[in-house]
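Subject: A structure for you to look at

Hello,

Here is the structure I promised to pass on to you. Please open it and keep it in view while you read the rest of this email.

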Amino acid sequence: MATSVSWQPQEQGFNEICALLEQQISPSSTADKSQIWQQLQQYSQFPDFNNYLAFILARAEGKSVEIRQAAGLLLKNNLRTAYKSMAPANQQYIKSELLPSLGAADRHIRSTVGTIVSVVVQLGGISGWPELLQALVSCLDSNDLNHMEGAMDALSKICEDIPQVLDSDVPGLAERPINIFLTRFLQFFQSPHTSLRKLSLGSVNQYIMLMPSALFVSMDKYLQGLFVLANDSAGEVRKLVCAAFVQLIEVRPSFLEPHLRNVIEYMLQVNKDTDEEVALEACEFWHSYCDAQLPPEDLKEFLPRLVPILLSNMVYADDDESLVDAEEDESLPDRDQDLKPRFHSSRLHGSENPEDDDDDIINVWNLRKCSAAALDVLSNVFGDEILPSLMPIIQAKLSTSGDEAWKDREAAVLALGAVAEGCINGLYPHLSKIVAFLIPLLDDKFPLIRSISCWTLSRFSKFIVQDIGLQNGHEQFDKVLMGLLRRILDTNKRVQEAACSAFATLEEEAAEELAPRLEIILQHLMLAFGKYQRRNLRIVYDAIGTLADAVGGELNQPVFLEILMPPLIAKWQQLPNSDKDLFPLLECFTSIAQALGTGFTQFAQPVFQRCINIIQTQQLAKVDPAAAGVQYDKEFIVCCLDLLSGLAEGLGSGIESLVAQSNLRDLLLQCCMDDASDVRQSAFALLGDLARVCPVHLHGRLSEFLDISAKQLNTPKLKETVSVANNACWAIGELAVKVRQEISPIVMTVISCLVPILQHAEELNKSLIENSAITLGRLAWVCPELVSPHMEHFMQSWCLALAMIRDDTEKEDAFRGLCAMVKANPSGALNSLNFMCRAIASWHEIRSEDLHNEVCQVLHGYKQMLRNGAWDQCMSTLEAPVKDKLSKYQV
C-alpha cells in the first residue's frame with residue numbers, strides 16, 4: 001500500500017477491508033469476532049489504512065450503509081490515537097473526503113461524518129483545518145436540507161464536545177467563529193424542519209455557561225427565539241427550551257428576571273407535558289429557581305398551582321421499572337448488575353463528619369423523584385406556607401380506598417416524607433396523628449406502600465425521638481421501632497431495603513434510647529442477616545455498625561454478643577480474602593470493635609491477623625498480581641487499615657501484643673507512601689492511633705514516619721489531598737506527645753508548613769485548621785526552645801484557630817504549648833496579647849488544675865510586665881464576654 005500525491009485505493013485492499021467489516025457487523029456471521037478485530041488491528045499498521053476507511057465511508061456507493069458506517073466508526077476510533085502522528089498527506093486526504101460528505105444523501109452517513117469532523121477539530125483545532133469553516137458556512141447557507149442538516153449535525157457535536165474552540169480567536173479570521181455561526185443558529189430557530197430547530201437550539205444552549213460576547217449581545221433575540229419555540233410541536237425541541245431556562249436561571253438569572261412571570265407560567269404548563277422527558281426537564285426548574293437565590297415571593301403566588309402538579313407527577317408511572325422490581329421475592333438471588341458499586345470513605349480524624357445524603361431507594365432519576373425533590377426544596381424555602389396547598393390533596397389521596405388507587409396513596413406518603421423537614425413546624429403539632437396513620441401502612445398489602453411508609457417514618461425520626469419524654473412519646477417510639485423491625489423481616493426485597501435503611505436512620509437519632517431494646521433489635525437484625533441476599537446484606541451490615549456506634553459500651557454484654565457475633569464470625573470465615581463482600585463486613589467490625597472496647601479482645605487476634613494478611617497480599621498484587629493470586633484493589637487496604645484503627649481505638653494498649661508479633665510497622669510505612677490518597681489518609685489515621693496506644697513499636701522507623709508525615713503538609717496540591725494532610729498533621733501531634741524530644745529533628749519543617757495553613761484558614765477546611773493548631777501547640781509543648789523564637793510570626797492566626805476548638809484533652813495539650821512558649825519568650829506574644837486573651841476565654845472551663853494555674857501565671861506575668869496603664873489599655877480592646885471569662889483567672 002503506497003502513498004502517492006493524490007491517493008487512490010487498491011481494489012484488493014478495498015475488497016478485503018469491506019469483507020472484514022461486513023463479517024464484523026453481521027449478526028449471523030460464524031466468524032470469530034476477536035479474530036476479525038485482530039486482523040483489522042494488523043491492517044492499522046499500514047500508513048494509509050485510515051485513507052481506505054475514509055474512502056469507504058465517503059465513496060463506497062455500491063456498499064451497504066452499515067458497512068460504510070462501520071468504516072467511519074473505526075476511522076473515528078483510530079484517529080483518536082493516531083491522528084497527530086499521521087503523515088500530513090494522509091491527514092489532508094481524510095479531511096478532503098469528509099467535507100463533501102457533510103451533505104451525503106443518507107442521514108446515518110452524515111451523522112457519522114459529523115462525529116469524525118468533531119474529533120478532527122478536537123485533535124487539530126480550527127486553525128489546523130482552514131477549509132472547514134467555509135465549508136460549514138456554505139452548507140448552512142445552501143438551502144439544501146441534506147447539506148444544512150449535515151453541517152448543523154457536525155457543529156452541534158463541536159458545540160457539545162469543545163464549545164470553547166468556536167469562541168476563540170483564529171489566525172487569519174476577522175472574528176471568532178461563534179460570531180459567524182450564532183446568527184445562523186438563531187435563524188434556524190424558525191426553520192420548518194424539526195431537525196434544524198433541534199440542532200440549532202441544542203448548539204446555542206451549550207454556550208450559556210461560557211456566555212461569549214456574541215451571545216451576550218444577542219440575548220434578547222435568543223430569549224424571543226425560546227418563547228417562539230416554547231410550544232413547538234416536537235417534544236425534543238420543547239425539552240431543549242426547558243433546559244435553556246433551567247440553565248439560564250442557574251447561570252444568569254438576571255437575564256430572566258424581566259420575563260420571570262412568563263417563564264414560570266410556561267414551566268407550570270410544560271411540567272404537565274404529555275412527553276415525560278419534557279415534564280422532567282421542566283421540573284428541574286423549581287430546584288434551580290430556589291438555588292438561584294431569586295426572591296421567593298415571585299414564586300410564592302404560584303404555589304397553589306405548582307404543588308398539585310408536583311403531587312400528580314409523584315404518582316408511579318405505569319412503566320416505572322420500580323413496579324417490576326417491587327415484585328421481587330427475597331428468595332430470588334441478586335444478579336451482579338443489581339449490586340451498586342459501593343464507596344468506603346476513609347477515616348478522618350477531626351470535627352467534620354461528612355453527612356450521608358439520603359440515598360434514594362433506587363438510583364434512576366425520573367419525573368417522580370424529581371418532583372419529590374422539588375417539593376422537598378420548596379418546603380425548605382417556604383416552610384409551612386406550602387401546607388395549605390398541599391395537605392388537602394395529601395388527605396384526599398390518603399382517604400382513597402380500593403386497590404386501583406394504591407399509587408395515589410403511595411404518592412401521598414412520599415409527599416409527607418418529602419416535606420417532613422421543611423414543614424416540621426406546621427406538622428409537629430399533628431405528629432402523633434401522622435405516626436398513628438403511617439404505622440398501619442407498614443402492613444399494607446402493596447409492597448411499595450410498605451417501603452415508602454418506612455422511608456417517611458425515618459424522615460420524622462428525629463422528632464419521634466425528641467418526643468420520647470412526653471406523655472405517650474415512649475409508646476409512640478416503641479411502635480415505630482417495632483414496626484420497622486417487623487418490616488426488616490419482610491419477604492419483599494424492596495421493603496427489606498427501605499426498612500433497614502430507615503432503621504439505621506432511627507438508630508442514629510435514638511442512640512442510647514435503644515439500649516433497653518437491644519436484645520430484640522439484635523434478634524431481628526441477625527434473622528435478616530441470615531436470610532437476606534447479597535445486596536440487602538450490605539444494608540444490614542450498615543444497620544449493625546450504626547447500632548454499635550449508637551449504643552457503644554452497652555453492647556458489651558454476653559447475652560448480646562452471643563446473638564451478634566457467631567453469625568458475623570461464620571460469614572467472616574466463609575468469605576475469601578479477595579471477595580469484595582468483605583468490605584461492608586470489615587466496616588461493621590470496625591464499629592463493633594470501637595463500641596466493645598476491651599470487650600472485643602476475645603475476637604481480636606484472628607481479625608487483626610487477617611487484616612495484616614490482606615494488606616500484605618494486596619501490596620504484592622500491586623507489583624505482581626500473578627504471584628499474589630488476586631487483582632490489586634486498594635479498597636481492601638483502606639478497609640483493613642480502618643479496621644486496625646478501630647481495634648487500636650477499642651482495645652487501647654491491649655493491641656500492643658498483637659502489634660509486637662506482626663510486621664504492621666513496615667506495612668504501615670509502605671501505606672503511608674502509597675500513591676493513592678485514600679490509602680495514605682487511612683494509613684496516617686492508623687499511625688496516629690498506634691502512636692497513642694503503643695508508640696514503642698514505631699520506634700525503629702520513627703524518623704521515616706515523621707519525614708513522610710511532614711511531606712503531606714508541604715504539597716502544592718494541599719486542597720486536593722486535604723484529608724491526608726489532616727490525618728498526617730494529627731498523627732505528628734500524637735507522636736510528639738509520646739516520643740517528646742525525639743521529634744526535634746522535624747519540628748521546624750512541620751512548623752514551617754503549619755504556619756501558612758493557619759494563615760489561610762478561611763480557604764481550608766475546619767478540621768485541618770483545628771489539627772494544625774493542636775499539633776503546633778503540642779510541638780511547642782515538647783520543644784519550646786525550638787518553636788518560641790518564631791512566635792510572633794504565627795501567634796495571631798494560631799490564637800484565632802485555638803479559640804475555635806471545643807474543650808478537650810487535645811486543646812489542653814495545645815495550651816500547655818502556649819504556656820511553655822510564653823515562658824521561653826515572653827516578648828514574642830506582646831503584639832498579640834488580645835488574640836491570646838480571646839483564645840484563653842474560649843474555654844468553658846479548664847478541667848486540668850495544673851494547666852489552669854499555668855494559664856493564670858501567664859496572664860499575671862503579662863499584667864506585671866505591662867506597667868503604666870498598658871495592661872488596662874489591652875483589656876479595653878476586649879469584648880465584654882471575653883473580660884467576664886478572664887475574671888476567673890483573677891486579672
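Below is what was found in it, starting with the whole chain and then going into some details.

Please keep in mind that this is a predicted model.

**The whole chain**

The secondary structure consists of 50 helices and zero strands. The chain has 891 residues, and 56% of them count as buried. Along the principal axes, the C-alpha atoms fill a box of roughly 95 × 70 × 65 Å. If you look at contacts between residues with a separation of 6 or more, 75% of them join residues 24 or more positions apart.

**Helix 16 and helix 17**

Find residues 260-270, which form helix 16, and residues 276-291, which form helix 17. Their axes are 8 Å apart, and the two helices pack at an angle of about 135°. Helix 16 and helix 17 are therefore oblique to each other, and the crossing is left-handed. Helix 16 brings L260, V263, I264, M267, L268 and V270 to the contact, where they meet V278, A279, A282, F285, W286 and Y289 of helix 17. Sorted by class, this contact has twelve nonpolar residues, with no polar and no charged ones.

**Helix 25 and helix 26**

Now move along to helix 25 (residues 431-441) and helix 26 (residues 447-459). Here the angle is about 150°, and the axes are 8 Å apart. Helix 25 passes helix 26 in a left-handed crossing. On the helix 25 side, the contact is made by V435, L438 and L441, while helix 26 contributes I449, R450, S453, T456 and L457. By class, that gives five nonpolar, two polar and one charged residues.

**The cysteines**

How many disulfides does a search of the whole structure find? The count is zero. As a reminder, a disulfide is a covalent bond between the sulfur atoms of two cysteines. Take C639 as an example: the closest cysteine sulfur to its own is in C640, 7.0 Å away, which is too far for a bond. C640 is in no disulfide either, and its nearest cysteine sulfur, that of C611, is 4.2 Å away. For a pair to count, the sulfur atoms have to be within 2.5 Å.

Are these two residues buried or exposed? C639 is buried, with a relative accessible area of 1%, and C640 is buried too, at 0%.

Enjoy exploring it, and write back with any questions!

Best wishes

Notes: Residues are numbered from 1 along each chain as its sequence is written. This is a predicted model: local features need pLDDT of at least 70, side-chain atom pairs count only at pLDDT 80 or more; totals for chains, interfaces and linings use all residues. Side-chain values use heavy atoms; hydrogens and water are left out. Axes are lines fitted to C-alpha atoms, for helices over the stretch in contact, and angles run from 0 to 180 degrees between N-to-C directions. Helices (H or I, at least four residues) and strands (E, at least two) are DSSP runs, numbered from the N terminus. Angles under 35 degrees count as roughly parallel, over 145 as roughly antiparallel, 65 to 115 as roughly perpendicular and the rest as oblique. A crossing is left-handed if the near helix is turned anticlockwise from the far one by less than a right angle, and right-handed if clockwise. Contact means heavy atoms within 4.5 Å. Ala, Val, Leu, Ile, Met, Phe, Trp, Tyr, Cys and Pro count as nonpolar, Asp, Glu, Lys and Arg as charged, and the others, Gly among them, as polar. Buried means under 20% relative accessible area, exposed over 50%, partly exposed in between (1.4 Å probe, protein chains only).
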